[in-house]
Amino acid sequence: MKKIINKTINKITSLILVSVIISSCSSDQPEICTFEYSDNGYFVTNEGNFGSGNGSVSFVSIDGVVQNNIFECVNSSYLGDVVQSMTIIDSSAYIVINNSSKIEVVDVETMRSLNTINTVLSPRYITQVSSTKAYISDWETNSIHVLDLNNLEILSTINVGNGPEQMIFSNGYVYVCNVGGFGYEKTISVIDAENDVVINTIEVGDKPNSIVSDANGNIWVLCGGYTEYDTDWTVLSQTAGSLVKITGNSIMSTFNFDLGNSPSDLVINDNGTSLFYSDGSWIKNVYKFNVSNLELPTTPIISRNFYGLGYNDGYIYGSDAVDYVQNGWSYKYTESGTILDSVQVGIIPGGYCFN
């Protein structure tokens, strides 16, 4: 009888141990859930803490309902280190994870993983240039990779300037901002998108960081200016930021900012007539610039510092990274700068993606 009792106790003990082990293992995995997609909502890309692999994507419905960590909970796996950007092409979303050297391709309405592109060393942004082709900027190799959208393979590589980042496709050409990485650069590479060759290089202001196209087909480039520091982070030299208007392959106008300011995050409204950007020497504010203006505005429409800006369907969006450790916030404003909504998203929200 004693042996039977001991065997029973041993079995119960074993079951408890197995249960604890399974529970412990499962707690390390992302929660499995269902993503509720809805029209007129928007995505926020959250970089996550550098080196921690906790980058994520949030979705905010038109009613302000937030779903965080949507890739992780649907696919039961983490996105990776530094979610840089997201682009929707047809029914798929391309999520660029910079420091993990990969691009996750998902179904935009379910967030189910479809494929992973892991052949680009330091991907930053993706821009569609035809029904079968897209460009990927690669910060590390100073190049643009031509992606076949049918089989998700790299067709060829185009050498451009140092540290290519944001791009825009306009009138058959792709204009690439060569930011220079941590160094110095001041050029826009112009690529013939049909033949995948650079046809021109335009010198603009130092460190061009964002780019848009207006209703008349003009290209606007925002340049942050270049600051050189010594080993103690003392400023050795600075150049002013600028807003540059390009028509065709020629610079038509240049608007210079105050020395020491670092303007960033240029976006444009739906009808292509008004630009919005952040500017300031330390604490930045948001300014509105009509494309027909002859000088830069001096009064902000939003007196708040944002980590990233977006614009869609008549509204301005701004992200706040808070302390770069805890979850950040996304704010929604009218075009005149009236706040409408605020929602908590992931860690270091840096970009927006609208369908």
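This is a predicted model: local features need pLDDT of at least 70, side-chain atom pairs count only at pLDDT 80 or more; totals for chains, interfaces and linings use all residues.
Strand β2 runs over residues 56–60 and is mostly covered, with five of its five residues buried.

The partners of β2 come next. In general, strands of a sheet pair through backbone hydrogen bonds, and they can do so in a parallel or an antiparallel sense. Strand β1, residues 42–46, pairs with β2 in the antiparallel sense, and five bridges link the two. Within this pairing, Thr-45 is found opposite Val-57 of β2.

Strand β3, residues 66–67, is also antiparallel to β2, with two bridges between them. Here Phe-59 stands opposite Gln-67 in β3. The strands β2 and β3 form a hairpin with five residues between them. In this hairpin, Gly-64 takes a positive phi near 85°.

Stepping back, these strands belong to an open sheet of four strands, arranged in the order β3-β2-β1-β29 with antiparallel pairing. Its edge strands are β3 and β29, the latter covering residues 349–354, and each of them pairs on one side only. Strand β2, in turn, sits between β3 and β1 in the sheet order.

Terms used
Residues are numbered from 1 along each chain as its sequence is written. Side-chain values use heavy atoms; hydrogens and water are left out. Buried means under 20% relative accessible area, exposed over 50%, partly exposed in between (1.4 Å probe, protein chains only). Two strands pair if DSSP finds at least two bridges between them.
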